[in-house]
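Welcome, and thanks for taking a look at this one with me. Please have the sequence and the 3D view open side by side as you read.

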Amino acid sequence: MVPDKGIFITIEGPDGAGKSTVIQALKILIEETCKVPLMLTREPGGIEIAEQIREVILNPENTAMDERTEALLYAAARRQHLVQKVLPAIKKNKIVLCDRFVDSSLAYQGAGRDLGIDAVWQINQFAIQNVMPDLTLYLDVPIELGLARIKSGRKASELDRLDQENIEFHLKVREAYISLLKRFPDRMKLIDASLDIETVTLACYNLIKDQFPIYFN
């Protein structure tokens with residue numbers, strides 16, 4: 001039986017967790033065994049308007065950006081991306097695999113920027129209108145390892161505003177993610193991202209397939 005509606009899956013994690021690499025590897029596995037089309041996308045971005053907002057948010061020269069401005073820009077990009085790309089894809093019976101969604105704002109702006117998780121949640125409720133992922137895979141990695149990966153894998157000129165934050169900021173982000181796992185246990189699943197990429201990818205794939213078997217051969 002072919003499903004009559006798509007699903008929305010998000011990948012979350014602190015910087016250096018390997019999300020982008022895992023998503024590309026997951027794409028191959030899913031497309032080989034899935035009955036419906038797969039669409040990859042990301043936040044902030046995924047569409048032209050949201051990509052323009054992304055450039056403003058992550059530009060390392062924008063050091064004067066206020067924390068609330070940052071949170072509002074993420075929510076604005078999220079809204080446009082959701083209504084223009086994600087929801088239409090779900091209606092067309094696609095699996096949407098998105099690099100980050102609202103949990104990132106709760107962790108990075110709510111905790112990292114000390115705006116408060118509940119306050120940032122309220123901002124985003126206006127943007128998403130209760131639309132939440134069907135499944136969120138949280139790739140967890142110790143902060144020291146994640147930052148070491150970033151340092152070894154990117155040039156200094158490639159680091160964005162969030163990459164350049166101090167370790168205390170990144171520790172608060174990870175702690176917030178752990179608290180979100182406890183807050184949304186049915187939706188968020190923990191993956192040990194300190195392991196090799198093949199093991200991490202397979203763990204993600206098995207979770208997706210086990211939770212949504214009707215979508216796979």
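The numbered points below go from the whole chain to single residues.

1. A word on the ground rules. This is a predicted model, in which local features need pLDDT of at least 70 and side-chain atom pairs count only at pLDDT 80 or more, while totals for chains, interfaces and linings use all residues. Residues are numbered from 1 along each chain as its sequence is written, and side-chain values use heavy atoms, with hydrogens and water left out.

2. Start with the overall layout. The chain has 8 helices and 5 strands; here helices (H or I, at least four residues) and strands (E, at least two) are DSSP runs, numbered from the N terminus. Read from the N terminus, the order is β-α-β-α-α-β-α-α-β-α-α-β-α. The radius of gyration, taken over C-alpha atoms, is 17 Å, close to the 17 Å from the globule rule for 217 residues, so the chain is as compact as a globular protein of that length. That rule is 2.2 Å times the number of residues to the power 0.38. Along the principal axes, the C-alpha atoms fill a box of roughly 55 × 35 × 30 Å.

3. Next, how much is covered? Of the 217 residues, 48% are buried, where buried means under 20% relative accessible area, exposed over 50%, and partly exposed in between (1.4 Å probe, protein chains only). The chain exposes about 10500 Å², with carbon and sulfur atoms supplying 53% of that area; the areas come from the Shrake-Rupley method with a 1.4 Å probe. Among contacts (heavy atoms within 4.5 Å) with a separation of 6 or more, 79% link residues 24 or more positions apart.

4. Strand β3 (residues 95-99) deserves a look: 5 of its 5 residues are buried. In a regular strand the side chains alternate between the two faces of the sheet. Both faces of β3 are covered, with I95, L97 and D99 buried on one side and V96 and C98 on the other. Strand β1 (residues 7-12) pairs with β3 in the parallel sense over 5 bridges, and F8 has V96 as its bridge partner. Strand β2 (residues 38-42) is also parallel to β3, over 5 bridges, with L38 bridged to I95. Two strands count as paired if DSSP finds at least two bridges between them.

5. Now the annotated stretch. An unreviewed UniProt entry marks G13, P14, D15, G16, A17, G18, K19 and S20 as "binding site"; such annotations may be inferred rather than shown by experiment. A17 lies in the loop between β1 and α1 (19-33) and is buried at 5% relative accessible area. Leaving out neighbours within four places in sequence, A17 contacts L139, V141, R149 and A193. G18 sits in the loop between β1 and α1, but is partly exposed at 26%; it touches L139 and R149, again not counting residues up to four places away.

6. What does E70 touch, beyond residues up to four places away in sequence? The list is I57, M65, Q109, R113, R161 and L162. E70 belongs to helix α3 (residues 67-91) and is buried, with a relative accessible area of 1%.

7. Finally, some backbone details to check. A cis peptide bond joins E43 and P44, with omega about -15°; P44 is in the loop between β2 and α2 (48-58). R100 is a non-glycine residue with positive phi, near 80°, and is buried at 13%. N130 also has a positive phi, near 70°, but is exposed at 60%.
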